[in-house]
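Here are my notes on this one, as numbered points. Have the model open while you read.

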Amino acid sequence: MPPWSDFEPFIVSGLALGGVYALSGVGLVVLYRATGVLYLAFGAVGAMGALIAWSLGRENVPGWLTWLVCIAAAAVITLGYGLIFGPALAKRDPLVKAVATIGLTLILYGLMDLLWTSSGGQARSESLPTDNGGFSIGQIQVDWTQVIALAAGVVITVGTGVFLRYTKLGTAMRAMANDREITATLGVPVRKVEAAAWLGCGVLAGVAGLLLADLAALDATTLTFLVISSLAAVLIARLRSITLTFAAAILIGLLHDLLTPITALSNYQNMTPFVLAAAGLLVMSRRRVMTQSREEA
Amino acid sequence: MRAQMPRAPRAVQARRTIVLAAAIAIAAAGCSSSSSSSSTTGTSTSTATSTATSTASAPASTSAVSTSQCGTKPGAAATGTPIALGAIVTNQPGTSFTDIPNMANAYFACVNANGGINGHPIKLYIETEQTNPAQIAADAKQLVQTDHVVGIVGNTSIIECSVDSSYWQKLGYDIIDSGIAPECYSTPNSAAVNMGPRYSSDGAVQYALSQHVNKIVFDQSNVPGTGYIAAGPAALAKAANVPIVQLTENVPISDADSVAIKEVDDAGPNGAVVLNFTPPEALVILQAAQKLGLEDRVKLWGCSTPCNTDFLAQSLGPKWNNKLFVNAELLPPDVTNTTTMNLYKAILKQYGSAVSGGIGSFSQMGFTEAEIAVHALDSVTGAYTVQSVNAAFQAVSNFNTGMLCQLWSYGSYSLHIPNNDDSTVTPDNGKMVTAQGCTQISSVDPQIAQYRSLAGTAAAAPAS
Amino acid sequence: MGADLGLRSTAGRQTSRRRPGRPQLIRAAVITVLLLFVLFGFPQLLSLYYIDTMTQVAVYSMVTLALGVLVGRVGLVSLGQVAVLAIGAWVAARLLFATAQPYPVILLEAGLITMVAGMVTGLPALRLRGLYLALITLMLAGAITVVLATVNFPNGGHGFLGYNGSLVHIPPIRRPSVAGSDPAYFRYAVIVAILMFLLVLAHTKTKPGRAWAAIRQSEPAALAAGINTTLYKLWALALASFITGVAGGVLAGAVHYLYSIGFPTQDSITLLAVTLMGGVYSMWGAVVAALLYQFLPALLNNWGVSADWLTILFGLGVLQVLTTAPAGLADQVPKDLARLARLLSRLLSRLLGRRTPAPGKTT
């Protein structure tokens, strides 16, 4: 077992990785709470936005404008999907709705590889101005982007929790995610609330995409399938608690990186999210059968 | 009695029709368009240091070189029966080597427009694959049985050499390729213009050792062949009595920070970190190291030849000048002002619209392979059959490609590593410049030793 | 409510024993003729490129069949079927290198070991339903993929793992002595596939099939009716894992070389997409799905069309299936073709003779 000092730098990088997972995971749970859809295309939509921003940046469009376009693109795609396919699938099982978003993921993934090919050995990267500043903890430097990612995770967690619980629109969203028909009969403007929920979805995905493209990699495959690892945190929180998702994501990131100095296990460290999720779910389900029905929003 | 399916209401039917129509339209659009890609060259959005254009600026003498020099009869289009050649290339999200056969095709197009091979045009059939062994084997059969190719030029695939080498041997094809898998360098039927991951990593490690580091950390991507690749640097380090740590990373890398920290910790302040990754992955690691302020925590960083692109030089900042040393298995285009190099740039410009990466090692490799093939084909008298063409390929001896450090030979040896002499480059404000000229890969690597015992040591190529 | 994809089933039909009527006999005869044509006609007519592709279709039709059993008959959505296939291929490769047993024995062993692995990992997960279950299969698949990337596939080395990383020449995985050539192996793969289809048929026509239908309609109701739902779900899992394991064995012999990068997690997602598109209810759906998954890419590759268009098509297909055509192409295409035929006949009759009034009502 290596000495404690070997683990120290990985605490910081583990927190940063946890921030990455938290951003995706919290986004997923928030969307699930608001729309009843596990938006598996979250990563793909964000990746598309980030790639569009990158392309614009090469045409010398100012940075802040490219970020706005990224977020707008993600919002438009998500809103479009929600308006076209949301009502059609509204009455269906959450599983069906989640599988449908897989359809969107595949479409975007194919499009991204067509439009931004990987031939020629190109290396695309997205940098934000906050990369160039920071502070050091011990021997490791932390840049502001990582801090922002963590902070964004916290803000989203707290903010959307408050929004969903205490505001009228938020309550309407939760009700709709629970049961669309009854909510409609209660006089809630269902289509408007739905559109608002999907729009919020899209904005979140865009912001996350931009940050993740900087923190992880500007690569369609990485960003699209990063959701799979973030799903672990989502599962541990049983798709319900945003706070728990955040905490689980941080824990997964920490554990993942802390395994690095342990040579016997470091090859398997990428299993951390999956093992934790599987273990967590199985432990939680040992007493009762776990159903994801519409009643459990 | 089948359970009755409910008739879908009108709106739903309409939606279904729309979705189906969209699918068909997309498929039709796909069929009608060739797989052309938007020409993207990668500069990051924030790099302000380099004002260089994204493709290396061509020296003024390019305009003096006419592309018609590529063929034997300038201006005369070839109209005879085509000579069919084939290539299998990996093309999947994240890894695409299509630039290599596409550049070879550009060279062939130039030759076809300027006399062809004795009046015969060359037709190159390119099969793409997604690292699926069944698909790769099927592609080989397609080329041989349906397209009736008489030679294979331009293969570049993560696993094709392993999957097809016995097939090629059985049929008597001597392949000219850009190798990656072990079998590209260890079988009688494949000779590569590049050095491949193992020998290129050897070059990078060799340079690090020459700078008297006291420890080497060799990190590579976890794709097939890691053990084979690692054996080269291990042998070099052992002979120099320097400890070496072997690491692998699953790609794509999503957590570059911990990778960078791990490498730096293992190497120590007088050590070297040598990377063997594709450019995007190497970039992610190096950028993470820079963000964490780790680049000066080791004596130097090394990288095998995939890092040798201007994209990488531009995306990394000036902190990596003379800090990162990249093995260059081909002559650097920016600083080599020879006729052949200028011809390459001219052909790329005129015929290379399908080459999205522009000037760089990928298109250089494609050019070199095509050059060798044309040189061999020009020597064929009589009919162009599998036997005659491959005999000609095998007979290529001491050919000056103008792109390599040495003269290139095929020969009838049991293994081929004809490119075993390379240089080292380092980024310098957005471009790769030479840090060390042509140096032979050490015979401490047992495979190199074995090859040199069979083929001898090739002479250095004179500048042309 | 169980993970009912909301898809109405055709599995509720009569399964009591009756003498097969004429339509059934005709259907059986047509299928037999078709299979004979595939077995003996294809090798004559197709080039080796397409024979190799069709071998892959045969292999993956078993995988989509297994997935169809899980999704269509029992309502368990698995997002990790490719990982199970990898396990089957791994076991078969190890045994093929280490022993000299005959091929059918090795296929059986691969199937059984994969079955046990599937049951062991699946049993605790059966307490989960719907979305949870689907996601946990994804997690398990992700874990297996990481292990595979480190452990690698056997390549003739020694030790338990059978992997030698520094080999300069990797030996190929052997094929059965009777089926060494590509056309012969194609026939071998088709025969194994037929056997697997018959195995599933035997299940669906008998008690397990009825139990599965009841579970998919409503699990609490099935429980109330006295069906041991856990047992039957486990049975379905065992059957699906067995078939996928056998498919893995056939795959090993087909490709000769196995690499962990050939079994990425995202392939399981694409596999689910094509299985849904093909149709999870009929056996034909499994064949259609395999054709989509393997034949279509090979065709497009030949025509120089990028594989990305297919990814997009599959995404659209998933959306279409889930929103409008629940039983997939296998059910929908014949109906659409019938509708097209009716349309054409009406058009024709209108064109040919104004005298004959157009038929007023379609059946």
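**Notes on contacts, core and domains**

1. Start with the C–A interface: 41 residues of chain C are in contact with 44 residues of chain A, where contact means C-beta atoms, placed from the backbone, within 7 Å. Keep in mind that this is a predicted model, with local features needing pLDDT of at least 70, side-chain atom pairs counting only at pLDDT 80 or more, and totals for chains, interfaces and linings using all residues. Residues are numbered from 1 along each chain as its sequence is written, while chains are lettered from A and ligands numbered from 1 in the order in which they are written.

2. Who supplies chain C's side? α5 (130–151), α10 (265–278) and α12 (308–323) of chain C each give at least two residues to the side touching chain A, and α5(C) has the largest share, with 14 residues. Helices here are DSSP runs (H or I, at least four residues), numbered from the N terminus. By class, that side has 26 nonpolar, 11 polar and 4 charged residues (Ala, Val, Leu, Ile, Met, Phe, Trp, Tyr, Cys and Pro count as nonpolar, Asp, Glu, Lys and Arg as charged, and the others, Gly among them, as polar).

3. Take M139(C) as an example. Setting aside neighbours within four places in sequence, M139(C) is in contact with A232(A), L235(A), F274(A), A277(A) and A278(A).

4. M139(C) turns up again in the largest nonpolar core, which has 380 residues; Y107(B), I285(B), A189(C) and V318(C) join M139(C) as those with the most contacts inside it. Such a core is a set of buried Ala, Val, Leu, Ile, Met, Phe, Trp, Tyr and Cys residues joined through C-beta atoms within 7 Å. Helix α2 (residues 48–74) of chain C brings the largest share, 18 residues.

5. L296(C) and Y50(C) sit 246 residues apart in sequence, yet 11 Å apart in space, C-alpha to C-alpha.

6. Now the domains of chain C, with bounds from an automatic or database assignment: domain 1 (22–326) and domain 2 (328–363). Their C-alpha centres are 38 Å apart, and the contact takes 12 residues from domain 1 of chain C and 5 residues from domain 2 of chain C.

7. Chain B is split into domain 1 (60–195 + 333–419) and domain 2 (197–328). In chain B, 11 residues of domain 1 are in contact with 14 residues of domain 2.

Terms used:
Contact = placed C-beta atoms within 7 Å. Buried ≥ 20, exposed ≤ 12 C-beta atoms within 10 Å, placed from the backbone.
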